[in-house]
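Please open the model in your viewer and keep the selection tool at hand. The stops below are given in the order in which they may be visited.

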Amino acid sequence: MTRLILVSGKGGVGKSALAASLALAHHRAGARVLAIDVAATGGLAAHLGVASLAFKAQTIKTGLNALAVDRSKALIEYLQVQVGMPGLGTLGPAARFFDALASTAPGVREVVTLGKVVWEVKKKQYDVVVADCPPTGQVTGLLRAPETVSSLVPAGRIRQQAEWMSEILRSPKRSELIVVTLAEELPTIETEETMSMLDESKLIGSTMIVTNRVLGRLRTEAKGVDEVAEAAALHRSLFHSQQEWLERLPPRKKFPYLFGVFTESEIAARLSDLWGE
Amino acid sequence: MAKAVIVTGAGGVGKTTVAASLAVRAASEGKETLVLTVDPARRLASALGVKLGGRPVRHPEVPRLWGAMIDGAASWITVARRHADPAVADRLVNNEFFEAATVHFPASQSYAAAEEAATYIDSLRWDVVVIDTPPAAGGIEFFTAPARMADLVGGRLLRLLTGGRIPGRNALFNRGARPLLRFADQLLGADLLERVALFLMDLRSTYDGVAKQSKRIEAHFRRAATLVVTTADPAPLAEAARFFEELPEVAAPPVAVIFNRTLPASWAQAEVPARTSAELADNLHRWGAESQRQRDARAGFAARFTAPLCTIPWLAESPTELAGLRSIIDLADGLPRLW
């Protein structure tokens, strides 16, 4: 059975880095892994060490594949690849028609986007599918889309698809949403709001909070007024502020602040060692 | 007309705090100032004295400072009521697609925010209007929202559905003749398109108003001073670069990039005095490496783009008190004149 792990979080918390690191960690543990960029920011590609990703899966290394679902092109891709509507790419007006339709008919674009992800799960070609999703502000809309479509669309293939998608997404054995957060005010509040919405609506099988960029405690007191003392003072006050937010929203897992690590692929590689089990 | 200052950048870099600080500064320099913010942290909102969805309110302590918090969803209703006949506006806001369209078409929220901002800029009540861009818009989309909104209500889909003409309610479409529509029906179920089309026809009655407003908003964007806020992290930096590359197409190019959370440059090569404990020496080395990384990131950015580069130091607590907000602009290095 293929496991689906969706990764989301407020903008700027390091979602793509953690999504990439999770894909790398599962791959290292021997799983066949597919990483999907649903956020369409290009962040996942950079963290996997490639220039870009396309709708067609590419092999990053044996057993680790990756693709990107472009939200604005998802419907056309869907019609071509999954419905098999011929020649749509060359049919300019038709492509524009469906694109305009997807902008207006609520949930359609989302169902198609998320549909690609869930379809990859359904195909059973991989052990784990990791999806780097849009920020929490949008991910709830994405997860709600199958229901939105079901309530507005009485019949048709999109509705059928919405139904089997819901089933997979709601299964605790198959689907999990990881919400990445920081030990700061705004990410904490946004995570709390997302979690209470998800608990109530049961849109996704299970959830897990992980906190990124956590600082360690500094035990020694610094004396003097030099750079040593300045750095210690900043570290200490950031640490104390983080502790308050960690207490308010205890995460299942903490990832450390990575100092001076620059490229995205270095960050993902370092984080991938820390997922454990 | 007020001078508009637009503060933009990736999520989580401190845009709202920078916008609030600029507004406090402008007011203290004698300008009647309005800060428009979208979804600020609660403590920051209370420091600014703003409430959601309200009209601009005068700050209780800071003379000449006004604040308003824009509610994207609510202002969409305002847009509908402003630009459509009362009966049509009623049908629109009660339509099953209306709420979904506002949620699922993020440009509509940005548009609503921008239209509200334009009204205040034109009102002659303020010298400076500072606009904190909505996080949902995710950057450059804020600036393209007016054009996309006009396109949406202008009935791009409706024209496609009907073959170019805007028909009466009764002659909606001739399905038999159009294989495309038959296919869409298979996909979406038979009456969805019809319901969408009826909704769009109502929406289209707002077009003249929206198209006119779009032009006005775009003119404001071209006169505004846009500040791009970033940190030295790869993702926000990439977003900041996008603004410099793409903004000149839809608005004035950014007047400056602000690197928030900047560490002292002196930490990078600092000497560690003898007899410093190993833990504290390590701590300085870690933060020094971070400072060096930030310096490299700034140098890389400066090599690519010519706008002034400004830094704001990393503060342990994001300021949520007036005193803290005031001090940020004093600590900012390299900020150009904005008003």
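Lys124(A) has a positive phi of about 60°, although it is not a glycine. With a relative accessible area of 56%, Lys124(A) is exposed; buried means under 20%, exposed over 50% and partly exposed in between (1.4 Å probe, protein chains only).

The model is predicted: local features need pLDDT of at least 70, side-chain atom pairs count only at pLDDT 80 or more, and totals for chains, interfaces and linings use all residues. Residues are numbered from 1 along each chain as its sequence is written, chains are lettered from A and ligands numbered from 1 in the order in which they are written, and side-chain values use heavy atoms, with hydrogens and water left out.

Next, select Arg64(B), in the loop between β3 (57–58) and β4 (65–69) of chain B. Arg64(B) is not a glycine, yet has a positive phi of about 70°. Its relative accessibility of 30% counts as partly exposed.

Turn now to the largest nonpolar core, of 105 residues, in which Leu6(A), Leu143(A), Ile158(A), Leu36(B) and Phe301(B) touch the most other members. Such a core is a set of buried Ala, Val, Leu, Ile, Met, Phe, Trp, Tyr and Cys residues joined through side-chain atoms within 4.5 Å. Helix α6 (residues 106–122) of chain B gives the largest share of this core, 8 residues.

Notes. Helix = DSSP H or I, 4+ residues; strand = E, 2+ residues; numbered from the N terminus.
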